[in-house]
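Dear colleague,

Please find below the structure I am handing over to you. A summary of the findings follows it.

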Amino acid sequence: MDFAQLRADLTGYMPDEGIERVQRAHEFATRAHDGQTRMSGEEYIEHPLHVAAILADLDMDADTLAAALLHDVVEDSDVSLDDIREHFGDHVAELVDGVTKLTQLEARTRVEEQAENLRKMFVAMAKDIRVILIKLADRLHNMRTLRYLRPQKQEHIAQETLDIFAPIAYRLGISRIQWELEDLALHYLHPEEYEELALKVPRARKEREAFTNELISILRKSLAEVGIEAEIHGRAKHLYSIYGKLKKQDTEIEEIYDLVAIRIVVDSVKDCYAALGTVHNIWRPIPGRFKDYIAMPKSNMYQSLHTTVVGPEGEPFEIQIRTWSMHRVAEYGIAAHWRYKGKATGDEDFEKKLTWLREILEWQNEAPDPHEFMESLKIDVFSDEVFVFTPKGDVIDLPADATPIDFAYRIHTEVGHRCVGAKINGRIAPLDTRLQTGDIVEVLTSKQSRGPSPDWLKVVKTSSARSRIRGWFKRERREENLERGRTQLRQELRQSGLDPDEVLSESYLERVRRRYSFQSDEELFVAIGYGGLTAGQVAGRLRDMWEEEHGDTEVSLDTSAIKERLPRASGDQGVRVKGIDNVLVQLARCCNPVPGDAIVGYVTRGRGVTIHRDDCPNITRYLDDEERVIEVSWASVDAKYYPIQMRITAIDRPGLLSDVSQTVASFSTNILDAKARSTRDGKAIVNMVLEINNLEQLAYLKQRVERVRDVLSVERVSHSHGEG
């Protein structure tokens, strides 16, 4: 092919200045590709010339054809994008840049399962839809010359064409490119079936030619009688469409009657419906086979009336009825815009069509079908999605403004939970970075990760990531709440003078569960742990049940009798009870007060006075009970040690407990008890009961333990964890 042939195609619709611009692009591309050849042995310039010719057949504008001629020069020669911009302006340079990026994208990933996202990404990366049209024409010419490649390469490119490019052509309504791409792909993917159809279908069409001509003659006469001007002709179905029908219906070519459909093209929408009435007056319509794509257009802007009727010999056949403008859209699709761009109303009408297209796409996106590209493809200028790569080349689609955290949870829940950082295009980036289409994202994970941060909920965009983060916190807190609730209830029972091991029997717990509508003991304890139910409420119920069976053991607690009824002390706890000497005093295990803590005393049955920190939840609820709350203070007792509980949270690793214990022991601090457990997210929880002299010693010890490798936090526990 030479430029003279292309010029002849352009002369019919393009002004002279446009043709001159295209010619300059051809001369520029010829110099850039000088000495380069294709696999066929042809000079390389043949390829861009054919691509431009395909677009000229769609009546595309001069900028598009110039970009088509130049679309490979940046990648295949030493010509830069700035050179293109200097000689042909910004618009052509942007089109060439867009096609170059799509070519790089095409080469980056070859995963067939990613076809759906690749189709979306191809369109999303094109700032100007003409980039896609050039890419489609480029693929069409490559398919026409596919015979020069080795068979394995042919099959791969044909499958990619069927998965990605033909659906895009359909989506944009360019049926003439779609059909040829599908037929060429079928030729290389299923050569035997293709050859069989290529022989049988024309023969079958020829056999039906007389029948079709008879139908057209009847229609032409009937429409003329009612004053409708129309062009009528037979439209042959393309081979891939027939192949699909044969596979779907599991039938033979001889049993397919609609190898040829009759198309009626009229001047107005009114004539469309009038022609439909005429058709149904002549032949009986088949129920359920009428489709009004004029009132309800397809998502690719296609409009026509379709009806299937029973012909004179009892054979069904299809008739399509449309206006000339509908016919142009059906043939050219979105490319029809550039064909009629010169008209004053063209742009406004085009924008309306694209607005409608956007709304349809957004509506369909609510329930996407992964097998139907028409229900999920989005165009960048209308898009609310970004498309990014995994390091292996898989494409992940995410909402606009999504972050690496969203990406991590899309890969896998555990990847999200263990995420500690991210690389974007090979560089470390903050986890709240907004991803852009085309980014290559790598998630950095660690088995020692502390799990998701509550702050992540403020930056993630996907509901799936948000729900998984919340689920993690719910599970983690459930374990803590379960332990906390069980401990609080046991402590409450002890302070009521009851033995938890006796009271927390199945018979009692079952009655309490039934009272509060819980299915299991664990649910009851969790509710106490997170505050949905108080330990005092449940302990009160259990105490009532116990006393019903064992009698009321309540003691009188009037002030005058306290001194006589309280047990005498058997040892010094370093606490003075105001107004009472030598009384039994015990330090509450729930809050483990030490000298320096503000404290308060509480009279318990048979166990003297229990000393609590004044902020202990177990005492604050009784502060209004003046008869049982007693003023107490620390005595001046030197070298007295008090048990406290410390909880250490750390990244789990071998030797952790040993390192913590050695640090504590180095202060000559006695460890009364130590328990450790691992959590699902790779953390370790160490609960230690230590003997401490005062608050100052405790604060210093906390600081030293916090310096132990992998320790995340050290806290004094108000309630005894792990008790029971």
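Is Asp-57 buried, partly exposed or exposed? Asp-57 has a relative accessibility of 45%, so it counts as partly exposed. Please note that the model is a predicted one.

Asp-57 also takes part in a salt bridge with Arg-176, at 2.9 Å from N to O. This pair connects distant parts of the chain, 119 residues apart: Arg-176 belongs to helix α10 (residues 175-189), whereas Asp-57 lies in the loop between α3 (46-56) and α4 (62-70). Arg-176 is partly exposed, with 26% relative accessibility.

The whole structure holds 20 salt bridges. Among them is the pair Arg-653 and Asp-659, whose closest N and O atoms are 2.9 Å apart. Arg-653 counts as buried at 12% relative accessibility, while Asp-659 is partly exposed at 30%. Another salt bridge joins Arg-418 to Glu-414, with 3.8 Å between the closest N and O atoms; Arg-418 is partly exposed at 32%, and Glu-414 is partly exposed at 35%.

As to cysteines, the count of disulfides is zero. Cys-272 is buried, at 0% relative accessibility, and Cys-419 is buried as well, at 3%.

For the overall picture, the protein has 724 residues, of which 50% count as buried. Its secondary structure consists of 28 helices and 21 strands.

With kind regards

Notes
Residues are numbered from 1 along each chain as its sequence is written. This is a predicted model: local features need pLDDT of at least 70, side-chain atom pairs count only at pLDDT 80 or more; totals for chains, interfaces and linings use all residues. Side-chain values use heavy atoms; hydrogens and water are left out. A disulfide is a pair of cysteine sulfur atoms within 2.5 Å. Buried means under 20% relative accessible area, exposed over 50%, partly exposed in between (1.4 Å probe, protein chains only). Helices (H or I, at least four residues) and strands (E, at least two) are DSSP runs, numbered from the N terminus. A salt bridge is a side-chain nitrogen of Lys or Arg within 4 Å of a carboxyl oxygen of Asp or Glu.
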